[in-house]
Amino acid sequence: MQEQIKNINTLEELQALYTATFGKNGTMTARLKEMKNLDNDARAALNLENQTLRELFKTRQTEIENAVLMASLSKQKLDMSLNPMPENRGTLHPLTQSLTEIASILESFGYTMYTGPQVEDDWHNFTALNTPAHHPARDMQDTFFLPNGNVLRTQTSAIQIRAMERDGVPIKMFGIGSTYRKEMDATHSPMFHQIEGLYINKNITMSDLVADIRAFLSRFFEMDNVELRIRPSYFPFTDPSIEVDLKWQGGKWLEIMGAGMVHPNVLRNCGIDPNVYQGFAFGFGWDRLAMLKYGLNDIRQFYDNDVRWLSHTGF
Ligand code: DAH
């Protein structure tokens, strides 16, 4: 019997022999039933045999199970040449990335970041900015009006009003945020972003303005010394007003921002005496600056949130 157990190679055969031995009608079961008729020595021998056989079955079962496992493992192949699963790493949105750069430059010049509401009242978006009702300059911006007379902010200039009203002067701030106008093509989106700078103090002049713009653009575009063209322009909230062009690759001039000396009416509207304080403001398209820096040509891609495009911008 012991030899027989050791020669069995499948769990099924082992189970069959086990049942034939220890099952209800098994040979050992029958012998154990007759144990009471045996003398002490014979009983002890039978007990030992019973014990030994059970252990043998158990040992053989483990051996067969291990052999089955090893056989199946040796058949399985682990293909180490397979490429690992792609790692989906996040990237910063180009606007976020450019904001980080813009903010760190302006902050290093002493400007503090402000935000404001996207739904603005008429006062902050227009009137306080020296653009009263029926002022022709309101037509420069295709405004989204809400039924209650509020507007979707058309310009971050509204933030400079809130900043001066709240914190007074002297003030050196920049406002960032989304702005809205009814326009849509490759370079215009109904929602876009602007950044606005403002510095009000005593004895601030136009050359302070040009110096900061020049330093900012040089740092942002990583150019040694940017070439600028300052053109006279018109904005209701600045006087004099200028438009700044930047000399780009290939000698092309790009219109890059509007700016000027803050109009005395704007200061008065914020409770500031224009005979004591003066200053400048400038405003530019944040999306546009990012597009130029990273060589992108369609503003709408910023907002499509196509992950393939976003990850290929790869900043
Ligand atoms: N708010 C102007 C616009 O949206 C941009 C601008 C021009 C802002 C001149 C200024 C400025 O602060 O001084 O077109």
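Visitor: In which helix is leucine 69 found, and why does leucine 69 count as partly exposed?
Guide: Leucine 69 is found in helix α4, helices being DSSP runs (H or I, at least four residues) numbered from the N terminus. Its relative accessibility is 46%, and since buried means under 20%, exposed over 50% and partly exposed in between (1.4 Å probe, protein chains only), leucine 69 counts as partly exposed. This is a predicted model, in which local features need pLDDT of at least 70 and side-chain atom pairs count only at pLDDT 80 or more, while totals for chains, interfaces and linings use all residues. Residues are numbered from 1 along each chain as its sequence is written, and side-chain values use heavy atoms, leaving out hydrogens and water.

Visitor: Why is threonine 21 called buried?
Guide: Threonine 21, which is found in helix α2, has a relative accessible area of 2%, and therefore is buried. Threonine 21 touches Met1, Gly26, Thr27, Met28, Thr29, Leu53 and Phe57, leaving aside residues up to four places away in sequence, where contact means heavy atoms within 4.5 Å.

Visitor: What makes the buried residues of α2 line one face of the helix?
Guide: The buried residues of α2 are Leu14, Leu17, Thr21 and Phe22. Seen down the axis of α2, they fall within an arc of 110° (taken from the directions from the helix axis to the C-beta atoms), so they line one face. Their cover includes α1 (2-7), α3 (27-33) and α4 (40-75).

Terms used
Helix = DSSP H or I, 4+ residues; strand = E, 2+ residues; numbered from the N terminus.
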